[in-house]
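Here are my notes on charge in this model. Please read them beside the structure.

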Amino acid sequence: MEAAGAGDSTYGWAWRGARAVLAGLAAIGLALTNIVLLGVSVVVFVLVPVPFLGMALVPWTMTLVRKRADLERRLAARSGVPVPRPYHPPPQRGLPGGWRRFRWIVTDPATWRDLAWLLPGALVGAALGLIGLAVPLYGIFGLTLGPLWIWLGTDWYGYGAVWSIDTFGEGLICLPQGAAILAGGLWAAPWLRRVDGYFARLLLAPTRAAELRLRVTQLTATRADTVDAQAAELRRIERDLHDGIQARLVSLGMMIGLADELVDRDPTAAHEVLAEAREASGTALVELRHLVRGIHPPVLAERGLGGAVRALALSLPVPIMVEVDLPGRLDTPVESAAYFAVAETLTNLVRHSRARSGSVSLRYADGRLTMLVTDDGAGGADPAAGTGLRGIERRLAAFDGTMAVSSPPGGPTVITMELPCALSSPRTTHSSGTG
């Protein structure tokens, strides 16, 4: 899992162990960094009473401490121990300077937890790193004792708890010992890294109060995005009504009025105007149906998410394979958000990807709806480039959903969207087809 093809092979554990040993070696070096940062931090805080000097140095120093703590969080995550960032967000006016920046940092409890972690984190990291490095090296030493005995021909060294190498046979006995110790060291090294990650999480992870604060901040941001998205949707509906259907209905009323004036003087012309009015009413009805579909497609209410996405795929100029594995219906708000997220993604596929084909996969498992949209286009999709992906992120964030984009230049593009949700209907839907 950590290396392509290595995690599932016979020797995947050895590869993971070797990487963990190197990570332990890096931990020894980072422990020295912790000591340096702790010393600098103590000096800087002692200088706080000095006008301007301490106030300027503390934020700069704590920025370095936070970078070191963030690095430890990433290393812990690689070992399978996620450690979220607990820091207060910067003030809304932007990154503060001077006194405001100083107060923002020193009033954050995470700042002092970072400082409290530096020394014990260095000791634990260095100790576990040394153990993870020393055991495999001792195993390698045992594997080399036999050849060394043949080459040097001396009897001044030994191996293991009781072995003293005086004969070639005793040297050969070191080989299985060394192999066992090396294998045990490589097997244990990832667990040592995980123990280090758990220790780091004790001080570097958010407290309950910090988690609640971060959750409130996230909900505030998603609520603002949702309100903005709803306002934009209302403006779109109003614009479509005003510029489209309303204009056609006004024109239709004028045509009927003109026909009413002509019906006695020129019946033939009146019939022609009524025919145009009939055509205009049909066009207005079509536009009204499109508007209704944009608000909440009837097919979504009738056939559910899978049927609605399949119907959408059939209407696109690019062939889209749709696979659905949904053991029931979703709640209406979540179903609507999921449908429009897929619809916007497919719209981007048609407009920007230059793809010849694509696919949509909808699956529900473990309380999460996973939507996978792929295409064989040119790639290069970037949520920051204003292609609509940012709007999809905001739509999903309102339901604690996430989106991940993999789109290297040249393709393929893979967009993975997830929504935590529950099923409200026991009906089973499991099918696939091509749109």
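Buried means under 20% relative accessible area, exposed over 50%, and partly exposed in between (1.4 Å probe, protein chains only). This is a predicted model: local features need pLDDT of at least 70, side-chain atom pairs count only at pLDDT 80 or more, and totals for chains, interfaces and linings use all residues. Residues are numbered from 1 along each chain as its sequence is written, and side-chain values use heavy atoms, with hydrogens and water left out.

1. Start with the strands (DSSP E runs of at least two residues; helices are H or I runs of at least four). Glu 323 pairs with Arg 363 in a salt bridge, with the closest N and O atoms 3.3 Å apart. A salt bridge here is a side-chain nitrogen of Lys or Arg within 4 Å of a carboxyl oxygen of Asp or Glu. Glu 323 sits in strand E3 (residues 320-326) and Arg 363 in strand E4 (residues 358-365), 40 residues apart. Glu 323 is partly exposed at 34%. Arg 363 is partly exposed too, at 39%.

2. Arg 363 also meets Asp 325 in a salt bridge (3.7 Å, N to O). Asp 325 lies in strand E3, so this pair ties together parts 38 residues apart in sequence. Asp 325 is partly exposed, at 24% relative accessibility.

3. Asp 108 and Arg 66 form a salt bridge, N to O 3.3 Å at the closest. Asp 108 lies in the loop between helix H3 (99-106) and helix H4 (109-152), and Arg 66 in helix H2, so the pair ties together parts 42 residues apart in sequence. Both Asp 108 and Arg 66 are buried.

4. The structure holds 10 salt bridges.
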